[in-house]
Amino acid sequence: MRQTVRIRAARPEEADQLSALALRSKAHWGYDEDFMAACVAELTVRAHEVTARRTAVAEAPDGRLLGLATLEGRPPRGELGLLFVDPDAIGGGVGRLLFDHVRATARAAGFTRFGWAADPNAVPFYEAMGGRRTGSVPSGSLPGRVLPLMELELGAAATEARRATPPAAG
């Protein structure tokens, strides 16, 4: 699937499709209706936010949206706000393509690292992508739920930032 998927900037008029995709992807993990209802607000992508959140989509040759990702914040530290893959495309390399796109976009924008709150089911994927667990954070959707906090240091950008920082006077 990797060769046939195109990563491009999302368009504001796709916001409803992106929200539906995020919810389908979350539901893939077997969460119940009450859990999914609690996630709606957090997983809703609004048209006016698409550009500001640096939203990217994975698009199949037939135009179907297979996934989405957002890179939020300002350098030097950003946040992977959303990364969701349509259940039919999970395991086909779409998540890796989106994560690689976010990583490249972050480097190009001058980020030295980015972090994110991960769904517990996605931790093995994020670890395979080079992310490391740095702690836990409360869920933005469900009181009492705690999510793994992950982070990725961007090697080349982080090295350049360290070189550009003068040593402390001693």
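Which residues in α3 are buried? Keep that question in mind while we look around this structure, which is a predicted model.

## Helix α3

Here's the answer: in α3, the buried residues are Val94, Gly95, Leu97, Leu98, Phe99, Val102, Arg103 and Ala106. An α-helix has 3.6 residues a turn, so residues three or four places apart point the same way.

α3 itself runs over 94–109. With its 16 residues, α3 spans 22 Å from first C-alpha to last, close to the 22 Å you'd expect at 1.5 Å a residue.

## The largest pocket

Now for some empty space. How do you find it? Rolling a probe the size of a water molecule over the atoms shows where empty space is left. In this model, the largest pocket has a volume of about 820 Å³. It is lined by 40 residues, and the ones closest to the centre are Leu83, Phe84, Asp119, Ala122 and Tyr126.

The helices α1 (15–27), α2 (33–43), α3 (94–109) and α4 (123–128) each supply at least two lining residues, and so do the strands β4 (77–85), β5 (113–117), β6 (132–138) and β7 (146–153). Which element gives the most to the lining? That's β4, with seven residues. Sorted by class, the lining has 22 nonpolar residues, ten polar ones and eight charged ones.

## Arg8 and Glu14

Let's move on to a pair of residues. Arg8 sits in strand β1, while Glu14 lies in the loop between β1 (6–9) and α1. Their side chains make a polar contact with each other, at 2.5 Å.

Is Glu14 buried or exposed? Glu14 has a relative accessibility of 5%, so it counts as buried, since the cut-off for buried is under 20%. Arg8 has a relative accessible area of 9%, and is therefore buried too.

Arg8 has another polar partner: its side chain also makes a polar contact with the side chain of Glu59, at 3.2 Å. What else does each of the two touch? Setting aside neighbours within four places in sequence, Glu14 is in contact with Arg8 and Leu65.

Key. Residues are numbered from 1 along each chain as its sequence is written. This is a predicted model: local features need pLDDT of at least 70, side-chain atom pairs count only at pLDDT 80 or more; totals for chains, interfaces and linings use all residues. Side-chain values use heavy atoms; hydrogens and water are left out. On a 1 Å grid over the protein atoms alone, a cavity is a set of points where a 1.4 Å probe fits but cannot get out, and a pocket is an open set with protein on both sides within 12 Å along at least five of seven lines; lining residues have an atom within 4 Å of a point. Grid points are joined across faces, edges and corners, and a volume is the space filled by probe spheres set on the points. Helices (H or I, at least four residues) and strands (E, at least two) are DSSP runs, numbered from the N terminus. Ala, Val, Leu, Ile, Met, Phe, Trp, Tyr, Cys and Pro count as nonpolar, Asp, Glu, Lys and Arg as charged, and the others, Gly among them, as polar. The expected span of a helix is 1.5 Å times one less than its number of residues. Buried means under 20% relative accessible area, exposed over 50%, partly exposed in between (1.4 Å probe, protein chains only). A polar contact is a pair of N or O atoms within 3.5 Å; within protein, one must be able to donate a hydrogen and the other to accept it, and residues adjacent in sequence count only if both atoms are side-chain atoms. Contact means heavy atoms within 4.5 Å.
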